[in-house]
Amino acid sequence: MARSTMGATADSLALLMIRIPLGAIFIAHGSQKLLGLFGGHGLTATFTTFEQKLGIPPILTLLAIIAEFGGGIGVLCGFLTRLSGFSIAATMAVAIYKVSWVNGFFLNGPRGDGIEYNLALLGMALSLVLIGGGAWSVDRYFFRR
């Protein structure tokens with residue numbers, strides 16, 4: 001059975017409402033690490049911190065920065081949405097495992113920031129991996145079906 005135009009429009013609008021905040025969040029976080037914007041420490045300090053405090057090797061730190069900044073741009077524009085969403089999802093899975101798991105579930109828990117926020121971002125990213133960017137995406141322009 002074919003979907004109605006109204007249903008398809010609502011689906012694409014819902015995907016856009018996931019892409020805009022997720023993209024903005026990751027562009028901001030990636031620019032902290034890459035460019036030192038928004039109170040971030042920049043590239044050199046990010047490499048040092050990730051290696052010394054988290055035990056993450058430089059190549060994986062670079063991939064995380066690319067995933068956050070580049071993936072954020074991709075998700076926001078809907079360009080290579082599934083790949084961009086996957087890179088963000090992978091970064092959130094690592095963040096949950098390496099940083100926030102020990103603090104429990106709640107964002108403002110008694111031991112520090114738990115997995116709550118990262119889990120929400122992971123879910124948003126995975127929804128884009130499964131569904132794609134929707135009608136209002138650059139992907140739709142390049143990869144029409």
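This is a predicted model: local features need pLDDT of at least 70, side-chain atom pairs count only at pLDDT 80 or more; totals for chains, interfaces and linings use all residues.
Visitor: Which secondary structure does the protein chain have, and what pattern does it follow along the sequence?

Guide: The protein chain comes to six helices and zero strands, so that, taken by the DSSP runs used here, its pattern along the sequence reads α-α-α-α-α-α. Among contacts with a separation of 6 or more, those between residues 24 or more positions apart account for 58%.

Visitor: How many residues does the largest nonpolar core have, and which have the most contacts inside it?

Guide: In general, such a core is a set of buried residues, of kinds such as Leu, Ile, Met and Phe, joined through side-chain atoms within 4.5 Å. In this structure the largest nonpolar core has 14 residues, and Leu-22, Phe-26, Ile-88 and Met-92 are those with the most contacts inside it. Two or more residues of this core come from each of the elements α1 (5-35), α4 (81-100) and α5 (116-131), and the largest share, five residues, is given by α4.

Visitor: Which residues is Phe-26 in contact with, once its neighbours within four places in sequence are left aside?

Guide: With those neighbours left aside, Phe-26 is in contact with Glu-68, Phe-69, Gly-72, Ile-88, Met-92 and Leu-121. Two of these partners, Ile-88 and Met-92, are also named among the core residues with the most contacts.

Visitor: Are Glu-68 and Lys-33 buried or exposed?

Guide: Buried means under 20% relative accessible area. Glu-68 counts as buried because its relative accessibility is 6%, and Lys-33 is buried because its relative accessible area is 15%.

Visitor: Where is Ser-87 found, and which residues does Ser-87 touch?

Guide: Ser-87 is found in helix α4, and it counts as buried because its relative accessibility is 18%. Not counting residues up to four places away in sequence, Ser-87 touches Ala-67 and Gly-71.

Visitor: Turning to the surface, which residues form a nonpolar patch?

Guide: A nonpolar patch on the surface is formed by Phe-79, Leu-80, Leu-83, Tyr-141, Phe-142 and Phe-143, which together have about 660 Å² of accessible area. Tyr-141, one of these residues, lies in helix α6 (residues 138-142), and Tyr-141 is exposed because its relative accessible area of 61% is over the 50% cut-off.

Visitor: Where is the place of Leu-60, and how far apart in space are Leu-60 and Phe-50?

Guide: Leu-60 has its place in helix α3 and counts as partly exposed, because its relative accessibility is 45%. Leu-60 and Phe-50 are 10 residues apart in sequence and 9.2 Å apart in space, taken from C-alpha to C-alpha.

Notes: Residues are numbered from 1 along each chain as its sequence is written. Side-chain values use heavy atoms; hydrogens and water are left out. Buried means under 20% relative accessible area, exposed over 50%, partly exposed in between (1.4 Å probe, protein chains only). Helices (H or I, at least four residues) and strands (E, at least two) are DSSP runs, numbered from the N terminus. Contact means heavy atoms within 4.5 Å. Patches are made of residues with over 30% relative accessible area and no salt bridge: like charges are joined within 9 Å, nonpolar side chains (Val, Leu, Ile, Met, Phe, Trp, Tyr) within 5 Å. Accessible areas come from the Shrake-Rupley method with a 1.4 Å probe; for residues, only the protein chains shown count as cover. A salt bridge is a side-chain nitrogen of Lys or Arg within 4 Å of a carboxyl oxygen of Asp or Glu.
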